[in-house]
Amino acid sequence: MTTKKTILITGAAGGFGKGAAIGMAKNGHDIIATVHVSSQVTPLREEIEALGLSGRIKVYRLDLTDPYDIKQALAWDFDILWNNAGMGEAGPVWEIPLELVRKNFEINVFLPLQLTQGVVQRWVREGKGHGKKVVFTSSMGGLFTPANWGTYVSTKHALESVAEALQQELAAYGIKVQTINPGAYYTGYNETMADNPFRWLDDDINFTKRADLRKGFDDFFATPEGRLDSKEMIDRMIEIVPADEGKFRNVVPQVIEDMLKQHQLQAWENRI
């Protein structure tokens with residue numbers, strides 16, 4: 001069963017967030033679609049108006065690094081917080097500059113946690129927890145770690161722990177918590193993340209060579225598993241995010257869920 005909800009989405013300028021915002025609005029939910037920078041606001045508002053959904057979707061800037069944006073968001077009234085915004089640093093973890101690791105954790109873990117703390121504490125303080133929900137966009141990478149993706153997926157591992165703790169801590173207040181764990185869907189997100197190491201990777205300094213890393217990324221994106229159709233994931237998000245009931249962890253597609261379960265079993269036999 002799914003009752004009508006008001007849903008705040010971070011990172012709704014494109015990809016999963018925008019697609020699911022539009023789909024959920026078409027299903028009768030009210031959406032607060034937030035984007036990272038001001039220049040993304042008007043184009044999204046115009047697109048939504050052209051779809052005839054202005055009455056269902058409101059678009060605002062929500063830069064999680066801006067305390068005034070956070071303060072404004074905490075005053076909004078909504079039933080579901082969907083922490084969807086994020087970014088990724090790729091490349092070998094034994095050579096990546098540490099400031100990039102810190103930045104990735106700031107954006108993917110600390111800032112969403114700051115927003116979530118503010119939201120759930122307000123719900124509890126006002127006695128409005130029952131029927132509320134927090135959703136985190138995690139990743140298949142929250143449950144396993146492929147080489148050269150370790151920085152990004154370690155932030156998603158951290159989100160998995162945060163979400164699992166929140167689920168237990170907030171249950172008494174009626175607040176539900178979920179994660180969504182997409183496979184490698186083709187939205188442009190993974191492809192631009194794969195470009196990031198080439199800002200700093202230097203063949204004269206680093207042991208990892210640029211051509212080798214690029215070939216590894218290109219080979220992965222050339223596989224069917226590396227270019228899954230994002231519509232499948234968006235359709236599932238449209239179902240999962242507003243739902244009153246469901247699984248805590250939601251891995252899509254099924255073939256990736258099966259792979260992750262097998263990987264976790266094999267981890268017990270992994271030898272040095």
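Colleague: Which residues form one aromatic cluster?
Modeller: In this predicted model, the cluster is made up of W149, F198, F217, F220 and F221, and the count of aromatic pairs comes to nine.

Colleague: Why is the pair of W149 and F221 called edge-to-face?
Modeller: The ring centres are 6.3 Å apart, which falls within the 6.5 Å cut-off for a pair, and the planes stand at 85°, which is over 60 degrees, so the pair is edge-to-face.

Colleague: What makes this pair one that ties together separate parts of the sequence?
Modeller: W149 lies in the loop between β5 (133-137) and α5, whereas F221 belongs to helix α7 (residues 210-221), so the contact joins parts that are 72 residues apart in sequence.

Colleague: How do you know whether W149 and F221 are buried or exposed?
Modeller: Buried means under 20% relative accessible area; W149 has 13% and therefore counts as buried, and F221, with 10%, is buried by that rule too.

Colleague: What makes R227 a charge over the ring of Y186?
Modeller: R227 lies over the face of Y186 at 4.0 Å from the ring centre, and the distance limit is 6 Å.

Colleague: How is the lining of the largest pocket divided by class?
Modeller: The pocket holds about 1100 Å³ of space and is lined by 45 residues, with N84, G86, M87, G88 and Y189 nearest its centre; by class, the lining has 22 nonpolar, 21 polar and two charged residues, and α6 gives the most to it, with four residues.

Conventions. Residues are numbered from 1 along each chain as its sequence is written. This is a predicted model: local features need pLDDT of at least 70, side-chain atom pairs count only at pLDDT 80 or more; totals for chains, interfaces and linings use all residues. Side-chain values use heavy atoms; hydrogens and water are left out. On a 1 Å grid over the protein atoms alone, a cavity is a set of points where a 1.4 Å probe fits but cannot get out, and a pocket is an open set with protein on both sides within 12 Å along at least five of seven lines; lining residues have an atom within 4 Å of a point. Grid points are joined across faces, edges and corners, and a volume is the space filled by probe spheres set on the points. Helices (H or I, at least four residues) and strands (E, at least two) are DSSP runs, numbered from the N terminus. Ala, Val, Leu, Ile, Met, Phe, Trp, Tyr, Cys and Pro count as nonpolar, Asp, Glu, Lys and Arg as charged, and the others, Gly among them, as polar. Rings of Phe, Tyr and Trp (its six-membered ring) pair if their centres lie within 6.5 Å; planes under 30 degrees apart count as stacked, over 60 as edge-to-face and the rest as tilted. Buried means under 20% relative accessible area, exposed over 50%, partly exposed in between (1.4 Å probe, protein chains only). A charge sits over a ring if NZ of Lys or CZ of Arg is within 6 Å of the ring centre and within 35 degrees of the ring normal.
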